[in-house]
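Dear colleague,

Here is the structure for your files. My notes on salt bridges and helix packing follow below it.

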Amino acid sequence: MTTSSTPFSGPENNGFPIQHLLVIRLSAMGDVALLAPVLYALLSQYPHLKLSLLSLEKWRPIFNDHPRLNFIAAQTKGQHQGILGLWRLSRQLKALKPDAIVDLHQVLRSQILRSFLPGTSYPTAVINKGRQEKRALTKIKNKVFKPLPHTTERYATAFAQLGFNVPLDHSALLPKPSSSAAHAKVSHTRIGIAPFAAHAGKQYPLEKMKAALALFQEMQTVPPQNYSFLFFGGGPVEQPLIEQLCKDFPGSSHALKLSFEEELIEIAQLDLMLAMDSGNAHLAAMYGVPTLTLWGNTHPYAGFYPFLQDPNNALLADREKYPHLPTSVFGKKVPKGYENVMETIDPSAVAQKMRVILEQAN
């Protein structure tokens with residue numbers, strides 16, 4: 001093979017088939033969860049293809065059940081930290097003998113890592129994150145308010161640089177992980193609630209969330225034992241709040257003591273997930289679970305809407321009252337006066353939308 005920095009038009013390089021791809025995607029849970037259906041669709045489309053995925057150890061359970069996906073854990077706070085650590089990691093990756101590299105992270109760490117590999121002559125595809133488009137979408141003045149390519153489309157486009165077509169349809173949904181016999185016997189409606197977000201710009205006020213759940217309960221014509229809430233979260237600040245939510249809504253439970261692998265089993269069995277613009281929404285959507293999302297300073301137009309979810313399964317902050325929305329891609333940037341944008345999402349609208357989604361699913 002010869003070294004090349006340009007995209008390849010087909011799944012061959014110099015007449016040799018590309019049968020083993022090294023895929024790089026570290027970082028946040030939501031980004032990795034959005035990648036999962038793309039990789040599963042790719043493997044389904046190309047039955048002789050093998051993937052080696054470089055990601056963080058904590059996301060391994062998402063990819064546990066595919067025999068042609070080799071998960072490599074990047075120890076970014078351990079042996080792979082810093083320049084020397086990345087060089088050490090590059091030696092490990094070179095030993096895998098991939099035919100090509102797909103960098104779906106495109107940050108300094110992945111760029112340095114790739115720079116240690118050119119002597120191996122790998123054709124390389126790199127994601128276009130659309131940073132300039134996203135800045136235009138979220139800036140206050142001269143905002144360009146239009147939908148941008150979905151993150152899964154950006155991933156698929158990177159694979160297309162090497163000639164691999166990735167169908168982003170319902171065939172890409174992940175198979176649901178095996179549940180226990182006890183879970184298999186559950187017949188009531190199970191509703192997941194992920195009431196927290198990593199950043200204040202996309203956090204629905206907890207009191208409004210409680211009000212929404214109480215209104216949903218009032219709307220029900222079935223006995224309370226016919227449905228249950230399962231609360232997700234786990235940070236030190238979130239734990240006591242989730243425990244209190246379970247007290248506020250008797251008969252509900254939480255996932256605080258579950259491993260991530262166990263959480264995925266629970267999420268896959270849900271009838272509905274209610275979440276912010278957050279990782280839990282993406283975990284539910286990758287299994288095809290109907291997912292209702294609440295949006296504040298972020299917006300679906302940035303390309304992070306849960307995979308294949310109905311566009312109507314989102315409640316957004318009021319842009320008439322807050323015309324500069326969205327102000328952030330990830331929820332970190334909250335301009336003065338925009339601290340309470342999620343207050344404009346009425347709890348009754350949340351409760352009613354929950355009911356509608358469940359009715360449509362039955």
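There are nine salt bridges, counting a side-chain nitrogen of Lys or Arg within 4 Å of a carboxyl oxygen of Asp or Glu. This is a predicted model, so local features need pLDDT of at least 70 and side-chain atom pairs count only at pLDDT 80 or more, while totals for chains, interfaces and linings use all residues. Residues are numbered from 1 along each chain as its sequence is written, and side-chain values use heavy atoms, with hydrogens and water left out.

One of the salt bridges joins Lys208 and Glu343, with 3.7 Å between the closest N and O atoms. Lys208 sits in helix H7 (residues 206-219) and Glu343 in the loop between strand E13 (314-316) and helix H11 (347-361), so this pair ties together parts that are 135 residues apart in sequence. Helices (H or I, at least four residues) and strands (E, at least two) are DSSP runs, numbered from the N terminus. Glu343 is partly exposed, at 40% relative accessible area; buried means under 20%, exposed over 50%, and partly exposed in between (1.4 Å probe, protein chains only).

Another pairs Asp248 with Lys210, the closest N and O atoms being 3.3 Å apart. Asp248 belongs to helix H8 (residues 238-248) and Lys210 to helix H7, so the link ties together parts that are 38 residues apart in sequence. Asp248 is partly exposed, with a relative accessible area of 33%. Through shared partners, salt bridges join Glu207, Lys210 and Asp248 into one network.

The salt bridge between Arg25 and Asp31 has its closest N and O atoms 3.9 Å apart. Arg25 is buried at 4% relative accessible area, and Asp31 is buried at 12%.

On to the helices. In H3 (residues 108-115), the buried residues are Ser110, Ile112 and Leu113. Viewed down the axis of H3, they fall within an arc of 160°, so they line one face of the helix; the arc is taken over the directions from the helix axis to the C-beta atoms. They pack against strand E3 (20-24), strand E4 (50-55), helix H2 (82-94) and strand E6 (100-103), where contact means heavy atoms within 4.5 Å.

Helix H4 (residues 131-138) has Lys134, Ala136, Leu137 and Thr138 buried, and their cover includes helix H5 (151-160). Thr152 lies in H5 and is buried, with a relative accessible area of 3%. Beyond its neighbours within four places in sequence, Thr152 is in contact with Leu34, Val38, Leu168 and Phe307.

Regards
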